[in-house]
Amino acid sequence: MAGFKLFEPIQINTMRLENRILLTAMVTRLSGEDGYVNQPILDRYARFARGETGLIVVEATAVHGAKSGPLLRLSDASFVPGHRELTRRIHDESHSKVALQIIHFLKIARSGWRQTVDMLSHDDIHLIVQQYGAAAARTREAGYDAVELHMAHAYTMSSFLSKRNARSDEYGGRSLETRMRAMTEVILQVRRQVGPDFPIGVRFDGEECIKGGYGLSEAKYMALRMAQLGVDYISISAGGKFEDAVKKEGEPLYPYTGYSGDRTMPPAEYQDGANVYLAAGIKAFVNAHGYPTPIVTTGKIPTPQAAEEILQRGQADIIGFARALLADPDWPKKARLGQEERIVRCVYGNVCKALDENFKQVKCTLWLKQGLHPPDPPPEGDEAPPTWPGGGQLQAARQANGRVLLAWERAADPQGVYGYEIFRAVNGGRFVHLTSATTTRHADDHALAGNTYTYQIKAYDFAGNRSGPSNTATVEIPLPVPVSGDSLRLNGEVEAEMGYTA
Ligand SMILES: Cc1cc2nc3c(=O)[nH]c(=O)nc-3n(C[C@H](O)[C@H](O)[C@H](O)COP(=O)(O)O)c2cc1C
Ligand code: SF4
């Protein structure tokens, strides 16, 4: 994509990124509870590097030894060799640079009890500051190009920044200055440990998205403080708090189950770029104070065009992606080559998030069912798109209560069909990608009375080649809202006829 700002290099302290595409940290649950780098971790991140992501931020890695589920660690020197192997693998694959996100978290119990920052003594806080510094030094030793300090979501550093920080001392919630004290000490300590020429990034919430939490008006000052302290890039996230998490009996709280969790990983119903306004507000403020510190924005940014527009509008300097790159790690390479049509698009259904919540290995629902990693395109090159042996038959049947059932013929491809993209046009408008499926069935639950919907399917293969469009199928849904028993057949009847089993 010649002329795209997304593919302009950017310098961050001593690190040069070849493009402005950043894989935000994403826990994979591929490590064991021992926290060591293992083969699946090496393979997962090497796959991202093959796709040419500018900066890969390796998942949250604990600075301390506290018990948790499967999570990477860098809490002592024994973890360094594994991380050194990881950075070597990534650097061997492509020009991708690699940072490590380091995290401190407090204790939580299945009973629902959780430790909060007001339970920490001054000695505890000083230990956390030391642990961040020591882990950052090991990050550099292990060959990473940068370290990212996790100060977002439900974890220790974010909880100090929070407006709900219940301490009453100099690290407490009395003022913005006191809430920023722990953050300030950690950044200064990390800088002391890694030296002036090693890039430090910080990830924090531009808005807590909970009642009584902070918003953009305070986040701007936090970012300014980070810039003043010499942080080299600032990555803006949102929400992800324990305060509004949904309690499940006998399970530890997962901080992405409430509204604030939706704001961290916006589901399909949310608008694209749902959190861009936070990065835009922070960038304008920090830049206006004379700091050019690069700002990263993230959150349901689906396409190269959407990313480019954010950069062109000056709302951010770098675009962060998690799920879009999980769905297709070749996203950056395909975008660079102008092959946007070949990108396997995330459908934002959050199956990956549910796996993380349940401590299961994080995979994408769009991959092959048996695969632990996204499949590599065939090495010999595969330019031939899937075809429709039957001419691309598509059926659409209207059901009661705003549902349209779709069923289409199976496509054919010598290397195998990988999935199907479903497009929908509303009232004669243009076709827009609705979702993707790995089977030949889909139920559109968002078909509203008073509209005419036309559907079309494209099959894609392992290399991302798209077939030509299937036939179109059109459904008109008159007002008033049809209900079961109106001139429509019962849902079960239609489902059976179209081959639905569920
Ligand atoms: C499975 C999963 C694990 C995640 N783990 C982390 C993490 O370790 N650290 C972090 O800062 N954010 C984490 N996130 C949040 C993502 O980095 C990202 O901010 C979020 O998914 C929104 O971006 P997206 O719409 O591009 O996916 C995780 C998200 C998912 C889906
Ligand atoms: S599991 Fe769903 S939300 Fe997660 S990356 Fe895959 S398509 Fe996207």
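Residues are numbered from 1 along each chain as its sequence is written, and chains are lettered from A and ligands numbered from 1 in the order in which they are written. In this predicted model, local features need pLDDT of at least 70, side-chain atom pairs count only at pLDDT 80 or more, and totals for chains, interfaces and linings use all residues, while side-chain values use heavy atoms, with hydrogens and water left out.

Helices (H or I, at least four residues) and strands (E, at least two) are DSSP runs, numbered from the N terminus. Buried means under 20% relative accessible area, exposed over 50%, and partly exposed in between, with a 1.4 Å probe and protein chains only. Two strands pair if DSSP finds at least two bridges between them.

Strand β6 spans residues 97–103. Seven of its seven residues are buried, so β6 is largely enclosed by the rest of the structure. Lys97, Ala99, Gln101 and Ile103 point one way from β6. Val98, Leu100 and Ile102 point the other way.

β6 has parallel partners in β4 (residues 55–62), through six bridges, and in β7 (residues 146–151), through four bridges. Ala99 takes part in both pairings. Val57 stands opposite Ala99 in the pairing of β4 with β6. In β7, the bridge partner of Ala99 is Ala146.

β6 and β7 also belong to a right-handed β-α-β unit, with helix α3 (residues 122–141) as its helix. Right-handed has a set meaning here: with the strands pointing away from the viewer, the path from the first strand over the helix to the second runs clockwise.

Strand β9 covers residues 233–237. Five of its five residues are buried, so β9 is largely enclosed by the rest of the structure. Tyr233, Ser235 and Ser237 point one way from the strand, and Ile234 and Ile236 the other way.

β9 pairs with β8 (residues 200–205) in parallel, over five bridges. Gly201 stands opposite Tyr233 in β9.

Ile234 stands opposite Ile295 in β10. Ser235 stands opposite Val296 in β10.

In β10, Ile295 and Thr297 point one way, and Val296 and Thr298 the other. All of these β10 residues are buried. Three bridges join β10 to β11 (residues 318–321), and the two run parallel. Thr298 stands opposite Gly320 in β11. β10, helix α10 (residues 304–312) and β11 form another right-handed β-α-β unit.

## The site of ligand 2

Ligand 2 sits in the largest cavity. A cavity is a set of points, on a 1 Å grid over the protein atoms alone, where a 1.4 Å probe fits but cannot get out. A molecule sits in a cavity if more than half of its atoms lie within 2 Å of its grid points.

The residues around ligand 2 have a heavy atom within 4 Å of the ligand. They are Arg323, Leu326, Cys346, Val347, Tyr348, Gly349, Asn350, Val351, Cys352, Cys364, Thr365 and Leu366. Helices α11 (323–327) and α13 (351–357) each supply at least two residues of this shell.

The shell divides into eight nonpolar, three polar and one charged. Ala, Val, Leu, Ile, Met, Phe, Trp, Tyr, Cys and Pro count as nonpolar, Asp, Glu, Lys and Arg as charged, and the others, Gly among them, as polar.

## Loop residues

| Residue | Relative accessible area | State |
|---|---|---|
| Gly429 | 39% | partly exposed |
| Phe359 | 37% | partly exposed |
| Asn427 | 47% | partly exposed |

Gly429 lies in the loop between β14 (417–426) and β15 (432–437). Asn427 is placed in the loop between β14 and β15 too. Phe359 belongs to the loop between α13 and β12 (394–399).

Phe359 has a positive phi of about 55°, although it is not a glycine. Asn427 has a positive phi of about 50°, and it is not a glycine either.

Gly429 has a spatial relation to Thr452. The two are 23 residues apart in sequence, and their C-alpha atoms are 9.9 Å apart in space.

Definitions and conventions
1 Å grid on protein atoms, 1.4 Å probe; cavity = no way out; pocket = protein on both sides within 12 Å on 5 of 7 lines; lining within 4 Å.
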